Amino acid sequence: MSFRRVEEAPDNVTALVRVDFNAPMQDGKITDDTRLRAALPTIEALQAKHCKIALLAHFDRPKGKRVAEMSLKPIAEPLSRLLGSPVAFADDCVGEVVKAGIDALAAKGVMLLENTRFHAGEEKNDAELAKQMAALGQIYVNDAFSAAHRAHASTEGVAHLLPAYAGKQMERELDALDSALGNPKRPVLGVIGGAKVSTKLDLLKNLIAKLDKLAIGGGMANTFLFAQGVEIGASLAEKDMADTARQIMDAAKGKCELLLPLDVVVAKDVKPHAEARMCGLDEIQGDEKILDVGERTIQRLRDAMKHSHTLIWNGPLGVFETPPFDQGTVIAAQDAAALAKSGKLIAVAGGGDTVAALNHAGVAGDLTFVSTAGGAFLEWMEGKPLPGVEALKR
Ligand code: AMP
């Protein structure tokens, strides 16, 4: 993928940097500074070039109005502590006063601008708002991959008005995604789990066209099993999606080997430490629910990982929030992490519950790359162009 990197940016300019500071906040204080830390390498790289830095970000969903509780002001102080230098705050993200404040910064100075979504034009990708943003700097750097699936003024519009660069976090994310799906070392194995087929249809269709093998687990596997005539008892399934599941299985033939569960863990209730049993697909009782994959299924997945060079993973294999139905996900995640750590497997995972599941397994830090960008990661896995990334392409 061809885009300009921050290292290629000129020295001594004012850089308008789009970051993701949509951090969890309670009583006006952020409770997790992961997203702030993620922005540091880009800010520091620009400071090393003696640039002035104006940070653009959104917070929550104020829907085009000023909402006091959705101000980015509480971010300035923790960011300044992490950076080890002052961070000024401007109570708007456009306008003459803001511009004067940025111009008055010393070289390497940083100013955080107020929530872009306080302007209705942000989410509409309004050309005038993008123009006003562009007036604040000489170059634009996008470091917010997680917002790149949205064509907003601060993620897309402004990128066309200034020389545009990918920030370090954006670059890491794009490089990881490229190594997993764009230009992967084959064979490539996918693991897709989660609750429903209907929310991941585009994902499944794109993956069967690109992967060598695809293991399907979680609630969505139940729909596939049902479509094959397996009696799935009281399991979660979208029976009206059976035809779609069959079409996906047909489309995969000869291209991508689908690995559906061979055995399952069932219980009557989804309760912690509920009475559960492992059984074959022909032994599920009418009042039982499939809540995890069984041992043979896990073993086959472990073998598939061992024989793959690249793994891309989204979605838990079972109801991982409720032990013992976390076991399939935990064992597979630990295996993926061990293979990644020993350099045998490029393991990339992401999207919503996947990060929580990998954290639960205690291995999120050991995979090659774990994306915390929910929607953007999924849309990228679906093969959709991300407007914020497209706008950076040369
Ligand atoms: P998703 O957001 O689509 O990735 O779905 C994640 C959710 O799927 C988690 O909350 C899991 O508990 C749930 N899930 C996984 N496997 C099953 C299953 N066999 N039955 C019901 N829910 C499941």
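Q: Which helix and which strand each supply at least two residues of the shell around the ligand?
A: The model is predicted, with local features needing pLDDT of at least 70 and side-chain atom pairs pLDDT 80 or more, while totals for chains, interfaces and linings use all residues. Residues are numbered from 1 along each chain as its sequence is written, and side-chain values use heavy atoms, without hydrogens and water. Helices (H or I, at least four residues) and strands (E, at least two) are DSSP runs, numbered from the N terminus. The elements that each give at least two shell residues are helix H8 (218-227) and strand S14 (289-293).

Q: How many residues surround the ligand?
A: Ala195, Lys200, Ile290, Glu321 and Asp353 are the closest. H8 provides the largest share of the shell, three residues. The number of surrounding residues is 14.

Q: Which pocket is the space taken by the ligand?
A: A pocket is an open set of points on a 1 Å grid over the protein atoms alone, where a 1.4 Å probe fits, with protein on both sides within 12 Å along at least five of seven lines; lining residues have an atom within 4 Å of a point. A molecule sits in a pocket if more than half of its atoms lie within 2 Å of its grid points. The ligand takes the space of the second largest pocket.

Q: Which element gives the largest share of the lining of the second largest pocket?
A: This pocket has a volume of about 500 Å³, a volume being the space filled by probe spheres set on the points. Of its 32 lining residues, Gly194, Ala195, Lys196, Gly219 and Pro316 are the closest to its centre. H8, S14 and H12 each supply at least two lining residues. The largest share, five residues, comes from S14.

Q: What is the volume of the largest pocket?
A: Its lining has 30 residues, with Thr34, Ala38, Gln169, Val370 and Thr372 nearest its centre. H1 gives the most to this lining, with six residues. The volume of the largest pocket is about 690 Å³.

Definitions and conventions
A residue is near a molecule or strand if one of its heavy atoms lies within 4 Å of it.
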